[in-house]
Amino acid sequence: MAPLKCLWWPLVTCLLVTTSWYGVCALADYREDPSLYNIGVGIYDATGPVAGVNMMGYANPAQINSGLHIRLYSRAFIIDDSQSRLVFVSVDCGMMAQLIKLEVVKQLEEVYGSLYTTENVMLSGTHTHSGPAGFFQYLLFDITSQGFIQETFDTMVTGIVQSIKMAHDSMTPGYIYVTSGELLDASINRSPTSYLANPEEEKAKYEYDTDKTMTLLKFTDVDGNGLGMLNWFAVHPTSMNNTNLLVSGDNKGYAEQLFEEQMNPGSLPGQGKFVAAFAQSNCGDVSPNIQGPLCQDSGLPCDMYASTCNGNVHWCWASGPGKDMQDSTRIIGERQYNKAWELYNSDTFEPLSGPVQFAQQYINMDNYTVQLQDGTTGSTCRPALGYSFAAGTTDGPGAFDFTQGMTEGNAFWNMVAGLLGEPSQEQIDCQAPKPILLDTGDYNYPYPWHPHILDTQLGRVGQLAILAVPGEFTTMSGRRIRDHLSDTLTAAGVSGPIPVIAGLSNVYTHYVATWEEYQMQRYEAASTIYGPHTLEAYMQQFAYLATNMVQEQAIPPGPSPPFMIDDQITLLPGVMYDAAGIGYSFGEVIAQPYPMVYAGETILAKFVTGHPRNDPMLGRSFLLIEHMVDQDTWETVATDASWSTRFVWERISSLLGTSSATVYWDVPEETPEGIYRIVHTGHYKTLFRGIDEYSGTSNTFKVKTSLSKAPSICKVSKRGANKEFWSR
């Protein structure tokens, strides 16, 4: 570890690594008050391309994005005790990638020197399945996106770095409080038969088959003014299903918006000082689609072991509590927000008190030796995916004839997979009872398909311990590693430890099931790529980190991971050119909004547009909803980051390069009466001049608050919008 000892540094050094003397050195000293920390929070746009790029999460090649529901953000929290500093970042993305963390730290080191490193910077993904793909350095994750997408990678890196810089610049002395509470109506277990395979005495310790506990941190300055909120709650952001084509932060993204809106009155999304992050935890088998899986062709229950309807998975999927996927996203988001708001304003907090510490080590997960409870040893395996990986889940079914729970292969798929390379007998034995579909650990063309060197990382703030785990732990896997770490920290001298799992952190490695769940070989087990002893390996590794961290013992860095950005292949064509079409100009309004709309209804305008991939509008907006304050003054009341808007792009002709963009505004009930207009800004690409910006403005329209009799055109518009985009 490389602890920050700012008080020992010469003034010149301190000024070089901070934006001002008050950035670090004039702040609180933990040694004088163990509950006083230096705290910084920051938020920045990390959305990426919103059209023409595959979504990351469902691995559905047909899910090519075509617009924007709400923007994605990076939210950073810096905690410092004057001796050591920890950074935790929660990003609205599918998961964190090793390449992104390495590049983020590289850029931070160029500005701050050794202040921020791979050891003390934690990056975690919320796991939305509605963000752009193509940001990994391992081939398997980029197959459906047709390779590496530079725009996605660049935007995510920029968003994360900028959020950390904002947190760095905002540091101030303050306090951190922790509390927790149960949220019962936002999640179900999507693999209940696997959960039931765990030991009876272990299951008897818990009332539910998913973790219902939300653990929440409240950040304040020394005067008690709120700076930020960070919570961990286990649930998949898959309320938006695999038919959604609009980029979205899903239920956690909406919960974040609601909390920040409440704490930043009058601010637009992503622009307030208070930062609220709804981070991910052990969500591996946890679904927000609480109506449960049904056969969509018959309405009957799916087979509970194989998740099939008449023998196949295609018609077996689960639904959320709403009338469509946007409504389900709203409901599950609101429930997380309501619980967080209740906890934030409760009187059940205890202050965090004690040192800031961190421990990190790279390990080779191909052959990590594990000490088993019976006194024998086991080992992890080279990565491999089982047959049921291809079956998908009840949140997003897979394809072909794969089903969940497959413990045997078949000759046809063995032959197909064998074209890539057949697994050795040693690998077959190591991964058993998983029938190997893809032996990815031995696939290295054109570069490795899966990671071998993993980032394991642990952070401590007083009694709180953050486990930055590189994957999706199932409910029981999360419970076991938390309990094990709590015992380890207690034995090392930490009083009343509070361990939390930060899922999908630093590098993505699919799932982590318990040994018992692994025997069932449902999707989560088939996607436990390092074999049946994966969980035991992580339990052993994080206990090692915890013991040495508390005792301040040096930890060897381990083998260095590859940095393969120069090896990446991209097969997705870029934008060739845009054309407005004969007789049209970019930004021209081809469908004007109706002259009057009632609050609670939907209004739209359609524009001649260029391809959104020309510029992701980082930190900006493709649309503005403006309210006329006086004759010459307009006030922005909503952007493309707002829940009430949607930006929908359509390529009319690929040959001619013509496109249109439709802006929808669901006028909130509380909208004041007045005159409004819709503004669209974008970029178009020419064959010779490069990329140019354009803008267009709609006619004005009136918003009325009375709903006694809304115009029929508004009602049709609203129904059409729901039918078109949120049909499931």
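Colleague: Which residue in S24 is the bridge partner of Ile-363?
Modeller: In this predicted model, the question concerns two strands, S17 and S24, where S24 covers residues 453–461 and pairs with S17 in the antiparallel sense over nine bridges. A further pair from these two strands places Tyr-362 opposite Asp-455 in S24. For Ile-363, the bridge partner in S24 is Leu-454.

Colleague: How many of the nine residues of S17 are buried?
Modeller: A residue counts as buried when its relative accessible area is under 20%. Strand S17 is largely enclosed by the rest of the structure, because the number of its nine residues that are buried is eight.

Colleague: Is Leu-504, with its positive phi, buried or exposed?
Modeller: Leu-504 lies in the loop between S27 and strand S28, which spans residues 511–512. Its phi is near 55 degrees, a positive value in a residue other than glycine. The cut-off for a buried residue is under 20% relative accessible area, and because the value for Leu-504 is 0%, this residue is buried.

Colleague: What is the relative accessible area of Ser-307?
Modeller: Ser-307 is placed in the loop between strand S14, residues 292–295, and strand S15, residues 316–319. Phi of Ser-307 is near 55 degrees, again a positive value in a residue other than glycine. Ser-307 is buried, and its relative accessible area is 6%.

Colleague: Where does Pro-433 lie, given that the peptide bond from Ala-432 is cis?
Modeller: The bond from Ala-432 to Pro-433 has omega near 5 degrees, and it is cis. Helix H9 is residues 425–431 and strand S23 is residues 436–438, and Pro-433 lies in the loop between H9 and S23.

Colleague: What is omega for the cis peptide bond that joins Tyr-445 and Pro-446?
Modeller: Pro-446 has its place in the loop between S23 and S24. The bond joining Tyr-445 to Pro-446 is cis, with an omega of about -5 degrees.

Colleague: Which strands are at the edges of the open sheet of seven strands?
Modeller: The order of this sheet is S7-S2-S3-S34-S35-S31-S29, and the pairing is antiparallel. Each edge strand pairs on one side only, and the edge strands, at residues 131–132 and 589–591, are S7 and S29.

Colleague: Which residue in S3 is the bridge partner of Ala-51?
Modeller: Strand S2, residues 51–56, and strand S3, residues 64–68, run antiparallel and are joined by two bridges. The bridge partner of Ala-51 in S3 is Ser-66.

Colleague: How far apart are the end C-alpha atoms of residues 544–703?
Modeller: UniProt lists these residues, in an unreviewed entry, as "domain: Neutral/alkaline non-lysosomal ceramidase C-terminal". The span is 4% helix and 44% strand, and the distance between its end C-alpha atoms is 62 Å.

Colleague: Why does the radius of gyration of the protein agree with that of a compact globule?
Modeller: The protein comes to 14 helices and 38 strands, and 62% of its 728 residues count as buried. Among contacts between residues at least 6 apart in sequence, 77% join residues at least 24 apart. The radius agrees because a compact globule with 728 residues would have a value near 27 Å, while the protein has 25 Å.

How values were computed:
Residues are numbered from 1 along each chain as its sequence is written. This is a predicted model: local features need pLDDT of at least 70, side-chain atom pairs count only at pLDDT 80 or more; totals for chains, interfaces and linings use all residues. Side-chain values use heavy atoms; hydrogens and water are left out. Two strands pair if DSSP finds at least two bridges between them. The radius of gyration is taken over C-alpha atoms; the globule rule is 2.2 Å times the number of residues to the power 0.38. Buried means under 20% relative accessible area, exposed over 50%, partly exposed in between (1.4 Å probe, protein chains only). Contact means heavy atoms within 4.5 Å. UniProt positions are given in the numbering used here, feature names are shortened, and annotations may be inferred rather than shown by experiment.
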